[in-house]
Amino acid sequence: MVMASEDEVSLLVIVVDVNPIWWGQQANREPQFTLSKCLDAVMVMGNSHLVMTRTNKLAIIASHCQESHFLYPCKLWKSGDGHGDDNASTSGDGKYELLSVANDFIAEEIKNLMSRTEVKGNQTDTLLAGSLAKALCYIHRVAKELEAGQEIKSRILVVKAAEDCALQYMNFMNVIFAAQKQSILIDACVLDSDSGLLQQACDITGGLYLKIPQKIALAQYLLWVFLPDSDQRSQLVLPPPVHVDYRAACFCHRNLIEIGYVCSVCLSIFCNFSPICTTCETAFKIPLPQVVKSKKKKLKPST
Amino acid sequence: MDEEPERAKRWEGGYERTWEILKEDESGSLKATVEEILFQAKRKRVFESHGQVRLGMMRHLYVVIDTSRTMEDQDLKPNRLTSTLKLVEYFVEEYFDQNPISQVGIITTKNKRAEKLTDLAGNPKKHIDALKKAKDSTCGGEPSLYNSLSLAMQTLKHMPGHSSREVLIIFSSLTTCDPANIYELVKTLKALKIRVSVIGLSAEVRVCTVLTRETGGSYHVILDESHFRELLMFHVKPPPATSSSECSLIRMGFPQHTIASLSDQDAKPSFSQAHLDSTGGGPGLSMGGYFCPQCQAKYTELPVECKVCGLTLVSAPHLARSFHHLFPLEAFQESPLLLHHRERFCEACQGELKDKSVFTCLSCCSVFCVECDLFIHDTLHCCPSCIHSRSAP
C-alpha cells in the first residue's frame, strides 16, 4: 500500500439529494430508511474520509429543490481559525474533535435547510446540475488556494434519490465535460431509479456507478465501494461498468435512433429527412440527382 | 495595385511612456499598481459573444508548419521548431475538445517543397504522435507558400459545402519560393471559399497580408511565446460561417458500444478497421467496440468516418460538446466591491469576496468572484444559480 505523502491532498465532495417530496414519500414507503438515516451514513463516510489521511479534505452539499446549500464546511470559518465559538460542544466520548464538530454542524445545517425552505409544487425530480456546478467551483477554488508543492486530487460522490429531470440535459453535459477537463471523477450511488445522466457522467469521467439493492445498507456500500480513491481502485474488485446507451434521441419524437440526420447549423438530430430544420428554421439544400447532359454526337465530316 | 487600408505603422506613432503607468502610493509601495496589473491580466480575455451569428461547427482545418532554416533560431526556447510543435500539440487537443466533429490535417514545408505529415482525420492521437516524431526532423531550405497551399487545396476542395474550409499557416521565414504566380492561387482559394489565416513568427510579410485579406482570414505576428499561445487559441473557437456556406442535413450514425465478455456465447473476437490499416500496435483482436449501424464494420473509437460505407459515426456527447457555442453564456456585469454590503461570499465557491470587483449574473442576480467568473465562462459555460431553477433552456 503506497503511503500518501504530505503533499497530496485528496478532496471529496459529497452531493446529497434531499428532495423533500421524494423523502416524504419514502418515509411512508419504508419507515426504517429515512433522510436522517441517509445522512448518518453520509456522515460516517465523511468521517472515514477525513480520518484516512491528515491532509484529506471534505465538503458536503445538499441538493434541494430551489437551492443547493453547503452543509460542510461553513463559509464563516476561516482556515486555520478555531472552529466556531467556545460553545462548540466537545463530545464527551473522546471523539476526534474535528469529526464531532463536523457532525454537529451538518446536523444543524440540514435541520435549518429543511425547515426554512418553503416547498412549492410537487415535482419529484432533482436539479443536480446546479449542485455539481457549485461543487466544481469549490474544487477550483481549493485547488488555487493550495500551498506550493501540494497536489490535489478531487472527486465528487453523488447520492441520488429522486428521478432525473429531462430539462437539465444540456447543463448536465456542460458540467460533465468541465469535470472531465479538470480530471475530477464523478461517482454515483443511486438509491431508487436508474439515472441515464449519471451513468453517462460516470462513464465519461471515469467514476463508479452503483444502484444499491438494499437502501438500509447504504453506509456499507459507501464505505466498501466509494471510499477508496482512484489509485487504490485498480487493486480492488469493484462492480462492473454499466452499459451506457449513447444513442441520440431525435428531436421530433424523442425516440432513440441509430442513424439520423443532423442539421449542420444548430446540430439538432432528426430521424427523417425534412426540408426545414424545426429548431433554427434554416431551409436545407436538397441534393438532387445529377442531370446528365445528353452527349451531342459529333458529325463525322463527310469525305 | 488594389487599394489597401491605411494603417499607421508602429514607428510612425509617438513615443509610449510606459513608466507613467506605475504610480506609487503614500508609503512609496507599488503594491496597488501591481495588483491592478495582475487583475487586468486575469480579465484580459475579451468575451466576444457572437450573438445570433451562424457559426461553422464542422470544420476542416489544415495546419501548415514552416520547417525552413529560420526555425532553428533560438529566440523561442529551446528553438522555434520545438516550441512550435509543442504549442501545436496543445492546440490539437483543445481543438478536438471544442470541436469534436471537426477534422485537422498537418502539412510541413521546407526545401521549397511541401509534404503532408498527417491526413485530415478526426482522431487527435494520430496527429499528436506525428508531431512528437517530427521534433527530431531537421530544418533547412526555404518554405514554399504556393506548394503548401495547393497541397491543402487539393483535399479541401472536395469537402462538402456545409463545412468550413480553413488553413492556418505558421510562417517563420521572410521569403517564400513559389513555382508560379501566387496571386492567381489566391484568387482560386477565394473562389473555393477557403479561409487562410497566418501566424507570423518573424515579421509582417506583404504576401501574407494580401493572402489573408483576400480570403477573409486573420494575420498576426507574435511578440513572445505566451502571445503565440494566445493567437493559436484564438483559432480554436468556431469562426462565423461565411454567407456562402450551405446548410444541409448530414446523415450520421450513432453506434452502440458493445462490451462483450468471454462468457457471452455469441461474442466473437474481431479486428477493428483501424488496426487493419496501421502497421504497428499490439494484437488487433478485441471483443467489444462500436459497430457501424449501416455496414457493421467495427471501430474502437469515435468519432470516425466509416471506411466501408462512408457514414460519419459519432456519439451524442460529441454533439453536446458543441452546444455551448450555440447558446453562449452572457458576460456577467462587473461592479465594485464597495457597492455590495450584503453579500460577503461568492455564490459558487463559498469563498470570501476579496477582489476589487464582483460579477453579477444578469438573470439570477447572484454574485461571483473573479476566479469563479473566469472558470464559469471558460470551462463550465453555465451559471450555477441559473441552472438551479426549473426553467432551463
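Predicted model: local features only at pLDDT ≥ 70, side-chain atom pairs only at ≥ 80, totals over all residues.
Residues are numbered from 1 along each chain as its sequence is written, chains are lettered from A and ligands numbered from 1 in the order in which they are written, and side-chain values use heavy atoms, with hydrogens and water left out.

Chain A holds eight helices and 10 strands (DSSP runs numbered from the N terminus: helices are H or I with at least four residues, strands E with at least two). Of its 303 residues, 48% are buried, meaning under 20% relative accessible area with a 1.4 Å probe and protein chains only, against over 50% for exposed and in between for partly exposed. Take the contacts in chain A (heavy atoms within 4.5 Å) between residues at least 6 apart in sequence: 66% of them join residues at least 24 apart.

Over in chain B, strand 2 (residues 103–110) is largely enclosed by the rest of the structure, because seven of its eight residues are buried. To get there from strand 1, the chain passes through helix 2 (residues 80–98), giving a right-handed β-α-β crossover; with the strands pointing away from the viewer, the path from the first strand over the helix to the second runs clockwise. Strand 1 (residues 59–66) of chain B runs parallel to strand 2, and seven bridges join them (two strands pair if DSSP finds at least two bridges between them). Here Ile65(B) sits opposite Thr108(B).

Strand 2 of chain B also has strand 3 (residues 113–121) of chain B as an antiparallel partner, through six bridges, with Thr109(B) opposite Ala114(B). Two residues lie between the strands of this hairpin, where Asn111(B) takes a positive phi near 55°.

Both chains contribute to an open sheet of five strands, ordered 10(A)-9(A)-7(B)-14(B)-13(B) with mixed pairing. Strand 10 (269–270) of chain A and strand 13 (304–305) of chain B stand at the edges with a single partner strand each, so one side of each has no neighbour in the sheet. Between the chains, strand 9 (residues 259–263) of chain A and strand 7 (residues 249–253) of chain B run antiparallel, joined by five bridges, and Ile259(A) stands opposite Gly253(B).
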